[in-house]
Amino acid sequence: MNTVRLSKEPVSIKLLTSMILCMLGLVYLLFFVHIYIDTEMKVSMIAQAYGGMEYIELTDHAHTYLPYYTIFLFLIPVILFMFTSYSETLKSFFAVFPFLVIIVDIASMYLIPYVSLIFALILWIVGTCLALTFTTLFCMIYYDVWLRKTA
């Protein structure tokens, strides 16, 4: 079966893939700066910020962040990753993992004010995990597109 591989595509497709990833990386960096301004990446400030939110504010945050995370920051890179030459096991992992982590992220937001402030730590861990997942996808796709030797 012939499969599309980004590493075997013309330079124009490789450049398009690279530009898409760079723009998504910029979006992620701006998102990181926004979170840093709000919380300084401190669990105590995350607990304070979300601990005082009402259900409607949490829903507003979820309504903003859920499609943002899902579509822009992970769906596009994961789709691009499916056209790399990495193993099917690795592709299956990235097809599921980021989206499960997004669910935990959003759930943690709701659990901070209503269950326990310990979920602020979970939110911090999950946010770090999301950043590492995006960075890993970004680097692996770039490596496959530009540096992997094609047969």
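Let's start with Val43, which sits in helix 2. Keep in mind that what you're looking at is a predicted model. Val43 is partly exposed, because its relative accessible area is 29% and that class runs between 20% and 50%. Setting aside its neighbours within four places in sequence, you'll find Val43 in contact with Ala120, Leu121 and Trp124.

Now zoom out to the whole protein chain. It has 5 helices and 0 strands, so reading from the N terminus the order of elements is simply α-α-α-α-α. Along its principal axes, the C-alpha trace spans about 55 × 30 × 25 Å. The protein chain has 151 residues, and 34% of them count as buried. If you take contacts between residues at least 6 apart in sequence, 78% of them join residues at least 24 apart.

Thr39 belongs to helix 1. Is Thr39 buried or exposed? Its relative accessibility is 5%, so it counts as buried, the cut-off being under 20%. Not counting residues up to four places away in sequence, Thr39 touches Met45 and Ile46.

Glu40 isn't a glycine, yet its phi is positive, near 55 degrees. Met41 isn't a glycine either, and its phi is also positive, at about 60 degrees. As for accessibility, Glu40 counts as partly exposed at 35%, and Met41 is partly exposed too, with a relative accessible area of 25%.

Two packed helices are described by the angle between their axes and the distance between the axes. In this pair, the axes of helix 2 and helix 4 come within 8 Å and cross at roughly 80 degrees. That makes helix 2 roughly perpendicular to helix 4, because angles from 65 to 115 degrees fall in that class. Which residues in helix 2 and helix 4 meet? From helix 2 come Ile46, Ala47, Tyr50 and Gly51, and from helix 4 come Met109, Ile112 and Pro113. Sorted by class, this contact has 6 nonpolar residues, 1 polar residue and no charged ones.

Some of these names come back in the last stop, the largest pocket. Rolling a probe the size of a water molecule over the atoms shows where empty space is left. The largest pocket holds about 440 Å³ of space. It is lined by 23 residues, and the closest to its centre are Ile35, Met41, Ile46, Tyr69 and Gly127.

Where does the rest of the lining come from? Helix 1 (11-39), helix 2 (43-51), helix 3 (55-81), helix 4 (88-114) and helix 5 (118-147) each supply at least two residues. Helix 1 gives the largest share, with 7 residues. By class, the lining divides into 16 nonpolar, 5 polar and 2 charged residues.

Definitions and conventions: Residues numbered from 1 in each chain as written. Predicted model: local features only at pLDDT ≥ 70, side-chain atom pairs only at ≥ 80, totals over all residues. Heavy atoms only, no water. 1 Å grid on protein atoms, 1.4 Å probe; cavity = no way out; pocket = protein on both sides within 12 Å on 5 of 7 lines; lining within 4 Å. Points joined across faces, edges and corners; volume = space filled by probe spheres on them. Helix = DSSP H or I, 4+ residues; strand = E, 2+ residues; numbered from the N terminus. Nonpolar A, V, L, I, M, F, W, Y, C, P; charged D, E, K, R; others polar. Buried < 20%, exposed > 50% of the residue type's maximum accessible area, 1.4 Å probe, protein only. Contact = heavy atoms within 4.5 Å. Axes fitted to C-alpha atoms, helices over the stretch in contact; angles between N-to-C directions. Parallel < 35°, antiparallel > 145°, perpendicular 65-115°, else oblique.
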